[in-house]
Amino acid sequence: MSCYVLQLSKPSPEPFCDNRRKPYRENLIEKTFDHLTDAQLKKLKLKTDIQRTDSFQVMSNIRIYSRTQLLVETLIRLYRILSDGDKQKFKGTLSPYVEQTSGAFIYGLKKTDIPHEQQKIASVYHQLHQELKQQYGDTEIFRIFDRVYNEHFCMVSDKIAIRDVKEISSSSLQSPDDIDATFRNKRSKNYQGQVVNVTETANPENALNLLTDVTVAPNNTDDSTILNGRLDIIKDKCPDINELHTDGAYGSSANDRKINEHTINHIQTAVRGRTPAVDISIEPITPEQHNVSCPLQSTVSEKTKTRFKASFDMSICTCCPHSESCPSVVQNDCRAYYFT
């Protein structure tokens, strides 16, 4: 049996550019995927004119660090690569952190001790950053240390200070073991890792459907941004695509423009925005008139100079349990609801 080895590289970061990272080489996995998919689509005679896309979270297999534990863990990793001479030189400075695990260090702290300890750690970071940068600046561990230093500390009146937690970005380092993992809170659940967006054929006449595009991005990247970066690629791979189904997270003005350029009909299953306190539906009758309904009544709109106006019966509105949260405006003889 012959064995073939394919040298792989990380995917190109565009459109998710990160200045901390060096430019990536060609993405051989994506090239192989596209080559196989193209052959399968032709062999199976699948239609690619209708497609759908969605994303899902991919959790990174990393420890969930508290802020203080991450700072200590990074010091431990840095200490391991120091020369014997430097370990001896900084023994007094680093011994409180490196003679035990970061978890054991945190376990011994009281909650009231944390601000004081963080300020001590800030001084240690500043000293090491100043004295070790020239000798260890090209090592991977020092680059991680440098990133943590800049993400968590800043100079205030020539003194090192710890940044307010509100200043820490969701793109900040989550773990030294996965420098690409980012943080996201979605529907009250925390995620650390990446997001994968997939697009597949969806024509109901197909006997089966295939994935046509797969991309990975930081998990704090908006779905609409991911789609915007892939639309040209999807159109290039599937020139006949004319209908794309998504959920409400993919809509944006930039995507509207690009989708129109590619003559694709974008069908969203939802629209972004807050859930209305009172449900008001608008159904077109003619280009100049609409049937507008609230929970208790319906009316036909009239056109004003710049928009449309629906006038609701005041006698019904007065007794309505939704009147206090209704978006309509009280006028002399009615409650008016304006829309464009």
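## The cover over helix α4

Among the elements that cover the buried residues of helix α4 are α2 (67-81), α5 (102-107) and α6. The model described here is predicted. Helix α4 spans residues 91-98. Which residues of α4 are buried? They are L94, S95, Y97 and V98.

## Overall build

The protein has 10 helices and 15 strands. Its radius of gyration is 28 Å, well over the 20 Å that the globule rule gives for 340 residues, so the protein is more spread out than a compact globule. Along the principal axes, the C-alpha atoms fill a box of roughly 85 × 65 × 35 Å.

How much of the protein counts as buried? The share is 39% of the 340 residues. The accessible surface comes to about 20,900 Å². Carbon and sulfur atoms hold 51% of that surface. Contacts can also be sorted by distance along the chain. Of the contacts with a separation of 6 or more, 56% join residues 24 or more positions apart.

## Helices α6 and α7

Helix α6 is one of the elements covering α4. It also meets helix α7. Two packed helices are described by the angle between their axes and the distance between the axes. Here α6 covers residues 114-136 and α7 covers residues 140-152. Their axes come within 11 Å and cross at roughly 145°. The crossing of α6 past α7 is left-handed.

Which residues make the contact? From α6 come Y125, H126, L128, H129, L132, K133 and Y136. From α7 come F142, F145, D146, V148 and Y149. By type, the residues of this contact are eight nonpolar, two polar and two charged.

## L132, a buried residue of α6

L132 sits in helix α6. Is L132 buried or exposed? Its relative accessibility is 1%, so L132 counts as buried. Leaving out neighbours within four places in sequence, L132 is in contact with L78, L82, D86, F90, G137 and F142.

F142 belongs to the α7 side of the helix contact. L132 and F142 are 10 residues apart along the chain, and their C-alpha atoms are separated by 8.5 Å.

## V195, a buried residue of β5

V195 lies in strand β5, which runs over residues 189-201. V195 has 1% relative accessibility, and therefore counts as buried. Which residues does V195 touch, beyond those up to four places away in sequence? They are S55, F56, Q57, T215, V216, A217, P218, N219 and I226.

A181 is 14 residues from V195 along the chain. The C-alpha atoms of the pair are separated by 9.7 Å.

## Two loop residues with positive phi

Most residues other than glycine have a negative phi. K45 has a positive phi of about 55°, although it is not a glycine. K45 is in the loop between α1 (28-44) and β1 (50-59). Its relative accessibility is 72%, so K45 counts as exposed.

S157 also has a positive phi of about 55° and is not a glycine. Where is S157 found? It is in the loop between β2 (153-156) and β3 (159-162). S157 is exposed, with a relative accessible area of 67%.

Definitions and conventions: Residues are numbered from 1 along each chain as its sequence is written. This is a predicted model: local features need pLDDT of at least 70, side-chain atom pairs count only at pLDDT 80 or more; totals for chains, interfaces and linings use all residues. Side-chain values use heavy atoms; hydrogens and water are left out. Axes are lines fitted to C-alpha atoms, for helices over the stretch in contact, and angles run from 0 to 180 degrees between N-to-C directions. Helices (H or I, at least four residues) and strands (E, at least two) are DSSP runs, numbered from the N terminus. A crossing is left-handed if the near helix is turned anticlockwise from the far one by less than a right angle, and right-handed if clockwise. Contact means heavy atoms within 4.5 Å. Ala, Val, Leu, Ile, Met, Phe, Trp, Tyr, Cys and Pro count as nonpolar, Asp, Glu, Lys and Arg as charged, and the others, Gly among them, as polar. The radius of gyration is taken over C-alpha atoms; the globule rule is 2.2 Å times the number of residues to the power 0.38. Buried means under 20% relative accessible area, exposed over 50%, partly exposed in between (1.4 Å probe, protein chains only). Accessible areas come from the Shrake-Rupley method with a 1.4 Å probe; for residues, only the protein chains shown count as cover.
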